[in-house]
Amino acid sequence: MSDDLLLAGLTAGDAELSLAFVRRFQARVFGVALIVLGDPALAEDVAQQAFERAWRHAALFDPRRGAVGTWLTAITHNLAVDAARARRAIPVDPLELQDVLTGETPEHSAIAAESAGELRAAIRALPVEQGRALVLAAFRGLTAREVAESEGIPLGTAKTRIRAAMLRLAAALEEQEDRP
Amino acid sequence: MTASDSAGCERFRELAPEIALGLVAGHERAAALAHLQDCPACSRHVAALGAVHDRLRALIPAAEPPVGFEQRVLDRLGVSRRRPVATARWLRAAAAAAVVLAAFGGGWAAGSAGRPPAVASPLVDGAQHVGDIIVSRERPNFLSVYLDVPRPGRLTCELLRTDGSVAATETYDATGGTGWWGISRPAGDVATIRVSDAGGALVATGGLPRP
């Protein structure tokens, strides 16, 4: 059964379909929360909030703009970043996080293995300082100012590193899509 | 593009990666969004960077939550263990409603725990179930209509009062397959909906759901 229909079942209050929806996405949602927060109890709370938010805001999901899993992942990540800020969670080391992200293809990854492999290769190819800035900004949700403070670098340098990393990855993905 | 537009784009592009990552707030974000509304090129640029962020997040490894997680989620939502009647219809109706309400910028965002946020009633062609009418509890005066379109062409959707007079009309140019549109329900004793084709032949009819 498609993700869209399971989401519809969740919204309609159907117990079996709601259960199927949660089972399909729970490992992905919990994984996102856990990697940002590093604390299983906090991560479970955030993961539960993510499903609740999806249930409440299902009407805002637009299938033309992306998959259910991508939408739910974004909801979870935003909640986890907010929770990390509010509760001052102990952050995962950026290099450790980068290693996790560039490791083996996760079973529940939304991206096909080949495509994810290209992205991982592009991340590994980034200069170390750009990779750190990217991880801090894209996964931990740190602003450029916070990246600057965390890394002990000027604000302008932090902005440049984030921008350069994002543009390199965008270019790598574009190149991959253009390839026959 | 004028020189000032170009300068605006240059300033914006400096900030675009942080916008795409959701790291910009306040006045800076408001100014950036205003620029995006008027600049399709910058809008595409941010969308491409946003897609990078989505793909980065998809790299995060899955992790099994603690035992009992799924039941705790369902309890939190107040989802009944009982399967509702006519699930297939509900499912199709809710899927259609989600699309319709999203397309119309609908406000089906809030619902009370344990209570479906919308109700539906069937559209029939004789004895055949051919579609659904959905109304969100949060927007009781807006009907989302879903229909298995028999053939492409213009459809006329009429809301009828109990005396048979027409209270509201909406037309929809169907391309075949699944058709869906929205129509406002006027105040008064509107009770049924009638959908007819360009030649005036009846395509479907049904009673309106009561939120």
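What pLDDT does chain A average, and what share of the residues score at least 70? Colour this predicted model by confidence. Chain A averages a pLDDT of 82, with 83% of the residues scoring at least 70. For the model, ipTM is 0.83 and pTM is 0.62.

**Stop 1: confidence along chain A**

Select helix H3 of chain A, residues 40–56. Confidence in chain A is highest here, at a mean of 92. Now jump to helix H5, residues 94–101 of chain A. Here confidence is lowest, at a mean of 66. Go on to residues 104–114 of chain A. The pLDDT stays under 50 over this stretch, for which the model has 18 contacts beyond four places in sequence.

**Stop 2: the largest nonpolar core**

Select A:Ala33 and A:Ala137. Of the 77 residues in the largest nonpolar core, these two touch the most other members. Helix H2 of chain A, residues 15–37, gives the most to this core: 12 residues. Show the surroundings of A:Ala33. Leaving out residues up to four places away in sequence, A:Ala33 touches A:Ala43, A:Val46, A:Ala47, A:Thr76 and A:Ala80. Another core, of 20 residues, lies apart from the largest one; B:Ile134, B:Leu143, B:Ala174 and B:Ile193 are among its members.

**Stop 3: helix H7 of chain A**

Select residues 128–138 of chain A. Is helix H7 mostly covered or mostly open? Mostly covered: 9 of its 11 residues are buried. The buried residues include A:Gln130 and A:Arg132. A:Leu134, A:Val135 and A:Leu136 are buried in H7(A) too, as is A:Ala137.

**Stop 4: chain B as a whole**

Switch to chain B. It has 5 helices and 8 strands. From the N terminus on, the elements run α-α-α-α-α-β-β-β-β-β-β-β-β. Of the 211 residues in chain B, 36% are buried. Take the contacts in chain B between residues at least 6 apart in sequence: 58% of them join residues at least 24 apart.

**Stop 5: helix H3 of chain B**

Select residues 40–57 of chain B. This helix has 18 residues and reaches 26 Å from its first C-alpha to its last, close to the 26 Å expected at 1.5 Å a residue. Which residues of H3(B) are buried? Among them are B:Cys42, B:His45, B:Val46, B:Leu49 and B:Gly50. Further along H3(B), B:Val52, B:His53, B:Arg55, B:Leu56 and B:Arg57 are also buried.

**Stop 6: confidence along chain B**

Colour chain B by pLDDT. The chain averages 76, and 74% of the residues score at least 70. Two stretches deserve a click. Over residues 82–88 of chain B the pLDDT stays under 50, and the model has 9 contacts beyond four places in sequence for them. Over residues 99–114 of chain B the pLDDT is below 50, with 40 contacts in the model beyond near neighbours in sequence.

**Stop 7: the E7–E8 hairpin**

Select residues 190–196 and 202–207 of chain B. These strands, E7 and E8, pair in the antiparallel sense over 5 bridges. Find B:Ile193; opposite it, in E8(B), stands B:Gly206. E7(B) and E8(B) form a hairpin with 5 residues between them. In the turn, B:Gly200 has a positive phi of about 90 degrees.

**Last stop: B:Pro209**

Step into the segment after E8 of chain B to reach B:Pro209. Why does B:Pro209 count as partly exposed? Because it has 17 C-beta neighbours inside 10 Å, while a buried residue needs 20 or more. Then draw a distance to B:Thr192. The two C-alpha atoms are separated by 9.1 Å, and the residues are 17 apart along the chain.

How values were computed: Residues numbered from 1 in each chain as written. Chains lettered and ligands numbered in written order. Predicted model: local features only at pLDDT ≥ 70, side-chain atom pairs only at ≥ 80, totals over all residues. Helix = DSSP H or I, 4+ residues; strand = E, 2+ residues; numbered from the N terminus. Buried ≥ 20, exposed ≤ 12 C-beta atoms within 10 Å, placed from the backbone. Contact = placed C-beta atoms within 7 Å. Core = buried A, V, L, I, M, F, W, Y, C linked by C-beta atoms within 7 Å. Pairing = 2+ DSSP bridges. Expected span 1.5 Å × (residues − 1). pLDDT = per-residue confidence, 0-100.
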